[in-house]
Amino acid sequence: MEPHLYYVIALIAIASGIFKFLLYPAFFSPLAKIPNAHWSCSFSPFWIFWMKWTKQENRQIYNLHMEKGPAVRLGPSLVSVNCYEDGLKRIYLGGFPKPDLYFNGFAVYGTGNLFTIKDNKTHAAHKKALSACFSKSSILSSETARAASRDVLFNRVLPLVYKAATENKAIEVIELSYSCLLDTFVQWQFGRSLGSNLVEDEKERRMYLDGFLGVSEYTFWQYHFPGLISTLQKIGIHLIPKSVVSAFELVENWNLEKCDKAQQLLASGKQLSAEDQPVAFEPALKGMSEVDAKPKEYPQRLPLASDMFSLNSGAFETSGNTSTYLFWELSRRPEWQTKLREELLGLNPPLKHVPGKRVEIDDITNPQDIDKLPISHAVIMETLRLWPSVPGGQPRVVPRPCTLGGYHNIPAGTTVQSYASVLHRMPNVFPDPFEWKPERWLDASPEELAVMRKWFWGFGSGGRMCLGLHFAYYSMKFFFAGIYSNFTSTVHDHGDMEPSDGYLSGPTGHRLELKFHLLE
């Protein structure tokens, strides 16, 4: 071959590369019509990675949507969509599949779970076994859930709060919320005999919370560059420190041990009381495995444990962060504490803490009565709106060309996502969007309420919305009903209460100390 032909081939290759990676995405792709978050987004993902790395993503995306409209291009094949009809409804109710990011970030034991499944058909089949026990009617009528509320809230948390109130001592309520909600869920999930006790057992609390939350600092690498993590590990470079990985493995082992014990409890054939029933574990086991298999040898052991881990970790972290912000808002607004308390005093029987008295199930108010309280529901809804525990983008993959955000022919394979932190702060839907105003849920007209509910994304939407949303409402409503039926609260001290900017979010300072005061 003549030397000049090599130059021609090289020039053609360079020109083709320039067209494919620069000119086409910037000028000829259907995505080129969508406003860029940054001039580089047409051909590079650097900008969005920089936003994630520097923890600016959620607030910058909000500002961009306010400036540029319902669709913003964040990368060569990544679009943020902030509208309902050809946004939320089409993407999340239309069955768009999930990308690999969910497996990268939320797989446990090296295996996926209900949350990480990509396609919706497989997810629906997998979810079927658990759907019944997670329904609202099942949870509100569950004797196991009611026993968990008795044991955790009334016989552990309220005595602890009472003691602190009588001694004029502050309580750090972020970890109290995490502990109470995890203990309540785990007891319902696995049964009373296999429940946890983070509220009272400091060793178990430190093992779980330090091990689970320690990895959060490294989620950027975990979500987006899992291959790099593995490659560097082979040459002795650990992007996630070995000590952090080891601490997380202790939490994995804790969960796996509960699964193994629950499987053997069911395999024994013993008649279990309602309080000891492993409500969430049993249908999952029957749907995936063999109830009477040998210990630690039941089929699908690790995928089943991964499902259970996904459920209990989600139950404590998201609801715990919501509860923290609700404590924060109520403790600065005594008028809302008064409104809530007046509503709670109408319960029969009242949720009264009597020092030294062991509470029984019959002493506890019917969960259906608590669920119906409008002020209790409004303060939780408003907290979920203003301080969403999952504020970050929830990506999906376009399965076929479609229209999104007013832009036509969005190509198949494009990753699209919406953000609760943007949806919940649209001023035309939620006036004064940065203000905590529970009255918006109480005073709205039916038409206004319908619009707000469409845009409310505290638990996602569609077939992939949070499976545990009814248990989240149940446990948070009981938690706050128990506290504010007996005490008032004031802020004693706190760290930075601005939410951390990421997929999941809690207070950046991770500290909120309250003083509780006995009702006169």
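1. Angles here run from 0 to 180 degrees between N-to-C directions, with axes as lines fitted to C-alpha atoms, for helices over the stretch in contact, and contact means heavy atoms within 4.5 Å. Helices (H or I, at least four residues) and strands (E, at least two) are DSSP runs, numbered from the N terminus.

2. The model is a predicted one, in which local features need pLDDT of at least 70 and side-chain atom pairs count only at pLDDT 80 or more, whereas totals for chains, interfaces and linings use all residues. Residues are numbered from 1 along each chain as its sequence is written, and side-chain values use heavy atoms, with hydrogens and water left out.

3. The antiparallel pairing of β8 with β9 (residues 512-518) extends over 7 bridges, and within it threonine 490 stands opposite lysine 515 in β9.

4. The largest nonpolar core has 135 residues, and those with the most contacts inside it are Val157, Trp188, Phe327 and Phe516. Such a core is a set of buried Ala, Val, Leu, Ile, Met, Phe, Trp, Tyr and Cys residues joined through side-chain atoms within 4.5 Å, where buried means under 20% relative accessible area (1.4 Å probe, protein chains only). Leaving aside neighbours within four places in sequence, the contacts of phenylalanine 327 include Phe479, Phe480, Leu514 and Phe516. A second, separate core of 13 residues includes Ile48, Ile61, Tyr62 and Leu78.

5. A search of the whole structure finds 3 cavities of 30 Å³ or more, a cavity being a set of points, on a 1 Å grid over the protein atoms alone, where a 1.4 Å probe fits but cannot get out, with lining residues having an atom within 4 Å of a point. Grid points are joined across faces, edges and corners, and a volume is the space filled by probe spheres set on the points. The largest cavity has a volume of about 50 Å³, and its lining includes Ser149, Cys180, Thr184 and Phe479; α8, α9 (173-190) and α22 each supply at least two residues of this lining.

Key
Two strands pair if DSSP finds at least two bridges between them. Buried means under 20% relative accessible area, exposed over 50%, partly exposed in between (1.4 Å probe, protein chains only). On a 1 Å grid over the protein atoms alone, a cavity is a set of points where a 1.4 Å probe fits but cannot get out, and a pocket is an open set with protein on both sides within 12 Å along at least five of seven lines; lining residues have an atom within 4 Å of a point.
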